[in-house]
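Please consult the sequence and the structure shown below while reading.

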Amino acid sequence: MLEFLNELLWGKVLIALLVTVGIGFTVASRFVQFRYFGRMFRILSASQAFQKDKHGHLSSFQALLLSVAGRVGGGNIAGVAVAITLGGPGAVFWMWVVGLMGMATSFLECSLAQTYKVAEPDGTYRGGPAHYIARGLGARWKWMAGLYSVLLLLTFGFGFTALQSYAVATSVDDAFGIPVFYTGIALAMVVGLIIFGGVRRIARVAEFLVPVMAGSYLLITAVVLALNIEQIPDVFMLIVNSAFGLEPVVGGGIGAAILMGVKRGLFSNEAGLGSAPNVAAVAYVPHPANQGVVQSFSVFIDTLIICSSTAFIILLSGVYDPVGMSDVGGVALTQSALADHVGDWGRSFVSVALMLFGFSTILYNYYLGENSINFFSTENQNFFNTFRVAIIGLVCWGATTDLGTVFGFADVTMGLLALVNLIALIALFKPGLRILKDFDDQIAEGIEQPVFDVARFKDLNLDAAAWEIEPEDIERVRSRVGQSGQPVTERS
């Protein structure tokens, strides 16, 4: 039953919907991910991107790193290897296409999450698909927001937390020979210390861990590219030719290349699943589109950079024969390929990388689960503390348990999660374009840093307390009052 539902959701329904939303918003937004690609770097290089505001809200950069911590995981190492094994080198090309289109989807969902976020009494923000469904689609659709929150809790809060714990424990066992039981205990203790500190502590850990783990993986990739620099053009041509069936048949031919590239690309970058918007909403930014642009960049990092790194490590090695079929797949293929380049220590490097990717994803998954509980109850700390204790138990259990059935169940709930989110994105297409137009108009007026004036969007049922404008931005907003004809108050 689980296999049938997975095949139905991921093999047909979701691939069609995800590609449709990605291409549809790309065209409707006039290719926003390409128009503002340079701006991604300007936003992140600006001092405001790294600074919290006076209330202690997370910075745009912290929210980016937290989402990258979640997006970058086992799919970047094992998933890419599986795609190449089953779909051939051409799968990498279609993974790139999905990543570029997914950047637009991520812009839409993360901009909406920022737009419909709500202010919490402790000075933090909350938001995500449950909030933009409930506020954006109206009271009649609140049941769907509740359904999304339950699915988010089951998928990321419980299912994927246990799965990532298993991946971390087995990686440590493979690299250092430490039994999974001891790794599970140690991991549970560290996770417990972090998650009881709330989202701010999780963000601080991600702020340190993500650059280290991603930077190390990119550094080893740079070494591999330098060692094989003459072969790089040939590998590019192999990827492109295989994508269009111009190479000898590998895997399942061009159809398998497209299917595996699309499927693994979507699994890896999560654009359209609605997971990243939960994190995007927590940042303090002057305009929702700001975080939409930044979160588009996280998809680029995941698919176009990290996934490509794994692909080139494999395809530049002598382990994988693009004409024949490899005898190994998954993590083992990536390990063997890196060992072929740099020696046997490459196997341990891949295991350690998988361990770090998995650990960061556990923290990310915990926050998604916490956010889903927050949608139902914001004041009862017993719920949150019970959930935290449950996560610690899951980390221990997951490290020592065969999770084949859990994985199948989590795949189904993740598919349903994506289905609910994509329906909401289609319904909120117009508000998303309206937010983008406001951003575009201010850029066209010469305003380097657009500011969101909530008074212009009273019909969207927004939380004005979440959009208090800083004193230095008030004059810029007032200068636009003549165009809107609506007054601007100190509160808004």
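Lys117 lies over the face of Trp467, 4.3 Å from the ring centre. The model is predicted: local features require pLDDT of at least 70 and side-chain atom pairs count only at pLDDT 80 or more, while totals for chains, interfaces and linings use all residues. Residues are numbered from 1 along each chain as its sequence is written, and side-chain values use heavy atoms, with hydrogens and water left out.

**Charge over rings**

- A charge sits over a ring if NZ of Lys or CZ of Arg is within 6 Å of the ring centre and within 35 degrees of the ring normal.
- Lys117 also lies over the face of Tyr125, at 3.9 Å from the ring centre.

**Aromatic pairs**

- The whole structure contains 22 aromatic pairs; rings of Phe, Tyr and Trp (its six-membered ring) pair if their centres lie within 6.5 Å, and planes under 30 degrees apart count as stacked, over 60 as edge-to-face and the rest as tilted.
- The ring centres of Trp96 and Phe236 are 6.1 Å apart with planes at 45°, so this pair is tilted.
- This pair links distant parts of the chain, 140 residues apart: Trp96 belongs to helix 6 (residues 90-115) and Phe236 to helix 11 (residues 232-243).
- Helices (H or I, at least four residues) and strands (E, at least two) are DSSP runs, numbered from the N terminus.
- Trp96 is buried at 14% relative accessibility, whereas Phe236 is partly exposed, with a relative accessible area of 39%.
- Buried means under 20% relative accessible area, exposed over 50%, and partly exposed in between (1.4 Å probe, protein chains only).
- Trp345 and Phe349 form an edge-to-face aromatic pair, at 6.3 Å centre to centre and 90° between the planes.
- Trp345 and Phe349 are 4 residues apart in helix 16 (residues 345-376), so about one helical turn separates them.
- Trp345 is partly exposed, at 47% relative accessibility.
- Tyr217, Trp345, Phe349 and Phe357 form one aromatic cluster.

**Cysteines**

- The structure holds 0 disulfides, a disulfide being a pair of cysteine sulfur atoms within 2.5 Å.
- Cys110 is buried, with a relative accessible area of 0%, and Cys396 is partly exposed, at 25%.

- Leu163 lies in helix 8 (residues 142-176) and is buried, with a relative accessible area of 14%.
- Leu163 and Ala399 are 236 residues apart in sequence, and 7.9 Å apart in space, C-alpha to C-alpha.
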